[in-house]
Amino acid sequence: FQSTNPKHNGLRKIHPDGTGESTILPGSAALAELSPDGAHVSYIVEWGVDRIYLRVAGIDGAPTSFEVDLGAWAGGNAGAVSRGRSRWLPDGRTIVYVGWDADGSYGLFAQEFAPDRDTSATRRRIAGFDPELATESFGISPDGRHVTIAGWEQLFSLMVADALEGVAPA
């Protein structure tokens with residue numbers, strides 16, 4: 001789980017019975033997702049003012065070579081709030097995550113995971129990327145064959161109201 005308690009800031013783990021609480025990664029890490037075998041955790045971190053990275057560490061906190069530079073925040077687009085949210089495919093060898101493409105559309109990418117090598121060449125688009133609907137969150141079926149996407153649509157409206165009681169006309 002993610003803790004923002006100044007005394008225990010970072011990603012923490014705890015046994016289901018409430019014992020054994022300890023820090024996996026200190027600092028500002030968020031949106032953690034445990035691998036199917038429980039050996040690794042994917043998470044996002046911010047560096048500097050506006051850069052976001054998706055990374056993976058061992059459950060003991062040991063870093064791996066997996067890193068995705070998710071770039072800068074997208075000009076206040078609320079869809080950026082979950083950029084980097086990740087899910088593991090059931091086999092534990094692929095990570096799916098929310099990212100944005102060159103056109104600025106949010107969708108899902110998949111990338112192979114190997115703790116000891118760069119797998120960036122395996123990165124591929126898999127779903128979403130609708131310029132009118134930012135991918136915000138998603139779920140993967142237990143067999144890894146289906147994905148459900150939650151999208152965020154920003155709407156702006158202008159309304160005019162006439163003859164309001166207690167309000168003098170202009």
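This report walks through a sheet, a core and a few single residues of the structure above.

Welcome to a predicted model, in which local features need pLDDT of at least 70, side-chain atom pairs count only at pLDDT 80 or more, and totals for chains, interfaces and linings use all residues. Residues are numbered from 1 along each chain as its sequence is written, and side-chain values use heavy atoms, with hydrogens and water left out.

Let us begin with the strands (DSSP runs of E, at least two residues, numbered from the N terminus). Four of them form an open sheet in the order 8-9-10-11, with antiparallel pairing. Strand 8 (86–88) and strand 11 are the edge strands, each pairing on one side only. Two strands count as paired if DSSP finds at least two bridges between them. Strands of a sheet pair through backbone hydrogen bonds, either parallel or antiparallel.

Here are two of the pairings, with the bridges that join them.

| Strand pair | Sense | Bridges |
|---|---|---|
| Strand 9 and strand 10 | antiparallel | seven bridges |
| Strand 10 and strand 11 (residues 124–128) | antiparallel | four bridges |

Strand 10 (residues 106–112) is mostly covered, since six of its seven residues are buried; buried means under 20% relative accessible area, exposed over 50%, and partly exposed in between (1.4 Å probe, protein chains only). Towards strand 11, Ala-110 faces Arg-124, while Phe-109 has Arg-125 as its bridge partner. The hairpin of strand 9 and strand 10 has five residues between the strands, and Gly-104 there takes a positive phi near 85°.

**The core**

Which residues have the most contacts inside the largest nonpolar core? They are Leu-54, Phe-66, Leu-70 and Ile-95, in a core of 14 residues. Strand 6 (51–58), strand 7 (63–72) and strand 9 (94–100) each supply at least two residues of this core. Such a core is a set of buried Ala, Val, Leu, Ile, Met, Phe, Trp, Tyr and Cys residues joined through side-chain atoms within 4.5 Å.

**Two more residues**

Ser-137 sits in strand 12 (residues 134–140). Why does Ser-137 count as buried? Because its relative accessibility is 16%. Gly-38, in the loop between strand 4 (29–34) and strand 5 (40–47), is partly exposed because its relative accessible area is 27%.
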